[in-house]
Amino acid sequence: MGIAGIRRNDAAVTALLCCAGLLVEFLALTAYGASYADIPAWDTLWYAGIIDGGYHTEPGGGTLSDEANWAFFPLLPLLAGAFARVSGLSSTMSLILVSRAFLFASAYIFIKFVRRLNPSIPAFVAGAFVVLNPFLSFGYFGYTEPLFLCFSLLCLMAFQDERYLAAGLFGAALSASRAVGVAMLPALALPSFWRFCKARVDVKLSMLLCFVLIPLGLGLFMFYLYVRMGDAMAFSHVQAAWSRRLGNPLHFLLQGFLSPNRHFIYALMVCGSFAATAVLFRQQRHSLAVFTLLCTLIPLSTTLQSIPRFLGCQPGILLALCEIVAVNNRYRYALPAMAVLLFCACLLWLARSGIMTW
């Protein structure tokens, strides 16, 4: 099969998987007796508030007096706001549609990404780990996780292809979607140190430009916050409103193992991420390994809250899971189980279950 045929096949697989994901969501809506208007909640409403009214100038925008929307990074509301103005749709519906578009695009890109690293993994398995992933179910609800996954993949692939300007621009978008996106800088710079030293001068300059661009998204957001309300680090400082505090990640991990609630499961997931990181290092996939490790440790340093959402959109973890289920055709059992879990996640979301705040 030629390149054009492979692309058509990947697009067809992605389209079928997207239909399957939307069908699971529709079945959940039907089973719960809800409509699409019932989907927006939690962070979706925060992002909609940014689109409609901009960032706050002082705390008090949430259920607690010290909450503010500074914790929510600007890329998703910027894109969804532009789509809302062009389409005339509401801010919440625009957020949901943009988030889904990036979720489905991520599935297609992840198929390409996996084929580079392990061609033996079937395309539908790779795509399913994006579209049917219950920890990426937030991509159906107007969250930023699909943007993070999409730009992570594009940045990694562009850097591997030595398209350094493109990698830098994708990295800038990544750091504008979530603070941990800046982890892509050391993830690319550290493993490529010797390549940088041996490169020609023009290649060195291109690589340096890439490294400078990656934190640009975060830097521009910090500058905006400073101009808007006088605190460039407001996105970090406001985390205290959600009981997040900077601390020792190993301490929070131990607390999770000693907890009788879902934090025990989160602690196990963190250990799984560490195991995936070790495997990636052993396979000499160094950039993926460093990125996975940092994107685990950074959120873990502020408690285990929301850890599943941070881990569920990590390319390295998704790759490791694909390789596990591809052995002996285990995907025959894993993929239906994922569809059931996605269905359950949709039901829990519609029920506004606290577990969906992770």
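A crossing is left-handed if the near helix is turned anticlockwise from the far one by less than a right angle, and right-handed if clockwise. Keep that rule at hand. The model used here is predicted.

**Exercise 1. Describe how helices H13 and H14 cross, and find the residues that meet.**

Solution. 
Step 1: Locate the helices. H13 covers residues 249-257 and H14 covers residues 263-282.
Step 2: Take the axes. They come within 7 Å and cross at roughly 130°.
Step 3: H13 and H14 cross in a left-handed way.
Step 4: List the residues. H13 brings Leu253, Gly256 and Phe257. H14 brings His263, Phe264, Ala267, Leu268, Val270, Cys271 and Phe274.
Step 5: Sort them by class. Eight are nonpolar, two are polar and none is charged.

**Exercise 2. Is Ser94 buried or exposed, and what does Ser94 touch?**

Solution. 
Step 1: Ser94 sits in H4.
Step 2: Apply the cut-off. Buried means under 20% relative accessible area. Ser94 has 0%, so Ser94 is buried.
Step 3: Set aside neighbours within four places in sequence. Ser94 then contacts Ala80, Phe83, Ala84, Ser87 and Leu89.
Step 4: Of the 27 residues in H4, 19 are buried, so H4 is mostly covered.

**Exercise 3. Describe the contact between H4 and helix H5.**

Solution. 
Step 1: H5 spans residues 123-131. Its axis and that of H4 come within 8 Å, crossing at roughly 140°.
Step 2: This angle makes H4 oblique to H5.
Step 3: The crossing of H4 and H5 is right-handed.
Step 4: On the H4 side, the contact uses Leu103, Phe104, Ser106, Ala107, Phe110, Ile111, Val114 and Arg115. On the H5 side, Ala123, Ala126, Gly127, Val130 and Val131 take part.
Step 5: The classes are ten nonpolar, two polar and one charged.

**Exercise 4. Classify the pairing of helices H6 and H15.**

Solution. 
Step 1: H6 holds residues 145-160, and H15 holds residues 286-300. The axes come within 12 Å and cross at roughly 150°.
Step 2: That angle makes H6 roughly antiparallel to H15.
Step 3: H6 and H15 cross in a right-handed way.
Step 4: Phe148, Ser152 and Leu156 of H6 meet Ser287, Leu288, Phe291 and Cys295 of H15.
Step 5: Five of these residues are nonpolar, two are polar and none is charged.

**Exercise 5. Where is Leu319, and which residues does Leu319 touch?**

Solution. 
Step 1: Leu319 lies in helix H17, residues 315-326.
Step 2: Its relative accessibility is 0%, so Leu319 counts as buried.
Step 3: Leave out residues up to four places away in sequence. Leu319 touches Phe110, Val114, Leu117, Leu280, Arg285 and Leu288.
Step 4: Phe291 is 28 residues from Leu319 along the chain, and their C-alpha atoms are 13 Å apart.

Definitions and conventions: Residues are numbered from 1 along each chain as its sequence is written. This is a predicted model: local features need pLDDT of at least 70, side-chain atom pairs count only at pLDDT 80 or more; totals for chains, interfaces and linings use all residues. Side-chain values use heavy atoms; hydrogens and water are left out. Axes are lines fitted to C-alpha atoms, for helices over the stretch in contact, and angles run from 0 to 180 degrees between N-to-C directions. Helices (H or I, at least four residues) and strands (E, at least two) are DSSP runs, numbered from the N terminus. Contact means heavy atoms within 4.5 Å. Ala, Val, Leu, Ile, Met, Phe, Trp, Tyr, Cys and Pro count as nonpolar, Asp, Glu, Lys and Arg as charged, and the others, Gly among them, as polar. Buried means under 20% relative accessible area, exposed over 50%, partly exposed in between (1.4 Å probe, protein chains only). Angles under 35 degrees count as roughly parallel, over 145 as roughly antiparallel, 65 to 115 as roughly perpendicular and the rest as oblique.
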